[in-house]
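Student: Can you walk me through this structure? I'd like to start with the helices and then jump around a bit.

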Amino acid sequence: MKTQNEVATTKKRSPRKTRSKFLILARRAHLYVGLFLLPWVFLYGATGAMLNHSGLFPEAVSQQIGANQLAESGWSNFPNQSALAEQVVDALRQGSPESTIELNPNHAPEFTNEIGFQWKDGETRHTVHLNPVNKSSWVATYPPNREPMRPILSEIRRVDISPNPMEIAEHTVPTVVSAAGLQPNEKIEPLGWCKLNFLATVDDVPVRVTYVLRDGHVDVTEYTGADGYSPRQFFVRLHTSHGQPPHWNGRRLWSFFIDAMAIAMVTWGVTGLVMWWQIKRTRLIGSGVIAVSVLTAAFMYYSMMGFYASTKL
């Protein structure tokens, strides 16, 4: 039998043993979750940078055009943001002389994007980009799609289905709304573009058919098994794919990995904090870093809130 001292020692060690097991579990979760989702970490990191910088892993050939080459074009006469804002306000005053319209002196006018133009030369697409702030310019030439989708039955652009599936859905909406205890005071309008996709054959040629429920529009293209995207377009599309379709397919499975990434990021953050706190010599510096991080995040939060409040993209 255990003595009273041995029992007391066991009780004292029990919380310490539990804490030790929790720390081991946290480290293992941090490690193995990271290892399993490593491909997605690389994918979202790389494709996120590609979305933010069009020149990263480019598929287009870019050519910068010097300001001296634009001397005779009049581009240097393009008004800056403040001058253009004044012109817009003057035009508004003329259109509504009974109103008092003044620029807000506390908010500087800003352009949202570059000015762009494009044209096609056969299957090759060219784009022209003009920066209205620093007056720089560049031209991008995009290669043809690797396997352009060849249209089939191009003379048919729309089909009528009886009974119309969209009308069936529209007739169901009032019942759904009533069951929810709502009574809309305006006409209910379609939202989004639900499509039906399927494979078929036309004269023994495999085709992909896309039927748009909203307006009956139909596209029939030759099906070769290729997605028609360049590598850059495909990876960027992966980054922006979201939502859960009503069918079990690759896209729905992909949505689960998006959820897994969201959970993993929170897990890495929590377990990282736990592991950091165990290293006593780093607590002081780490606390300072966290404080700076919180202040930076708060600054960016309110900065972006102000940007979207005053800007329409």
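Tutor: We'll go through helix contacts, cores, ring pairs and a few backbone details. Keep in mind that this is a predicted model.

Student: Okay. How do helix 2 and helix 5 cross?

Tutor: Helix 2 covers residues 38-52 and helix 5 covers residues 231-240. Their axes come within 9 Å and cross at roughly 110 degrees.

Student: So what do we call that arrangement of helix 2 and helix 5?

Tutor: Roughly perpendicular. Angles of 65 to 115 degrees count that way.

Student: Which residues make the contact?

Tutor: From helix 2, they are L43, Y44, T47, G48, M50 and L51. From helix 5, they are R232, F235, V236, L238, H239 and T240. By type, the contact of helix 2 with helix 5 has 7 nonpolar residues, 4 polar and 1 charged.

Student: Let's pick one. Is M50 buried or exposed?

Tutor: Buried, because its relative accessibility is 6% and the cut-off for buried is under 20%. M50 sits in helix 2.

Student: What does M50 touch, beyond residues up to four places away in sequence?

Tutor: It touches L56, F57, R232, F235 and V236.

Student: And how far is M50 from L25 in space?

Tutor: They are 36 Å apart, C-alpha to C-alpha. In sequence, M50 and L25 are 25 residues apart.

Student: What about G45, where is that?

Tutor: In helix 2 as well. G45 counts as partly exposed, at 46% relative accessibility.

Student: What separates the C-alpha atoms of G45 and H239?

Tutor: A distance of 9.4 Å. Along the chain, G45 and H239 are 194 residues apart.

Student: Now helix 6. How does helix 2 cross it?

Tutor: The two axes come within 11 Å and cross at roughly 95 degrees. That makes helix 2 roughly perpendicular to helix 6.

Student: Which residues meet there?

Tutor: Helix 2 brings W40, V41, L43 and Y44. Helix 6 brings W254, F257, I258, M261 and W268.

Student: How do the residues of that contact of helix 2 with helix 6 divide by type?

Tutor: There are 9 nonpolar, no polar and no charged.

Student: Switching to cores. Which residues form the largest nonpolar core?

Tutor: It has 9 residues: L37, W40, L43, Y44, L238, W254, M261, A264 and W268. Helix 2 and helix 6 (250-278) are the elements that give two or more residues to this core. Helix 6 gives the most, with 4 residues.

Student: Why would nonpolar side chains be buried together?

Tutor: I can give you the general pattern: in soluble globular proteins, nonpolar side chains tend to be buried together.

Student: What is M261 in contact with, leaving aside its neighbours within four places in sequence?

Tutor: L37, W40, V41 and Y44. There is also a second, separate core of 6 residues, which includes I152, V202, V207 and V209.

Student: Rings next. How many aromatic pairs are there?

Tutor: The structure holds 10. Take F234 and F235: their ring centres are 5.7 Å apart and their planes are at 65 degrees, so the pair is edge-to-face. F234 is partly exposed, with a relative accessible area of 34%. F235 counts as partly exposed too, at 37% relative accessibility.

Student: What about the rings of F307 and Y308?

Tutor: Their centres are 5.1 Å apart and their planes are at 75 degrees, so this pair is edge-to-face. F307 counts as partly exposed, at 28% relative accessibility.

Student: Which residues do ring pairs link into a cluster?

Tutor: F36, W40, W254 and F257.

Student: Last topic, the backbone. Which peptide bond is cis?

Tutor: The bond from S162 to P163 is cis, with omega near -5 degrees. P163 lies in the loop between strand 4 (137-142) and helix 4 (165-179). In general, most peptide bonds are trans, and most residues other than glycine have a negative phi.

Student: So what is phi for K135?

Tutor: Near 65 degrees, a positive value in a residue other than glycine. K135 lies in the loop between strand 3 (124-130) and strand 4.

Student: And phi of L153?

Tutor: Near 55 degrees, a positive value in a residue other than glycine. L153 is in the loop between strand 4 and helix 4. At 33% relative accessibility, L153 counts as partly exposed.

Notes: Residues numbered from 1 in each chain as written. Predicted model: local features only at pLDDT ≥ 70, side-chain atom pairs only at ≥ 80, totals over all residues. Heavy atoms only, no water. Axes fitted to C-alpha atoms, helices over the stretch in contact; angles between N-to-C directions. Parallel < 35°, antiparallel > 145°, perpendicular 65-115°, else oblique. Contact = heavy atoms within 4.5 Å. Nonpolar A, V, L, I, M, F, W, Y, C, P; charged D, E, K, R; others polar. Core = buried A, V, L, I, M, F, W, Y, C linked by side-chain atoms within 4.5 Å. Buried < 20%, exposed > 50% of the residue type's maximum accessible area, 1.4 Å probe, protein only. Phe/Tyr/Trp six-rings, centres within 6.5 Å; stacked < 30°, edge-to-face > 60°.
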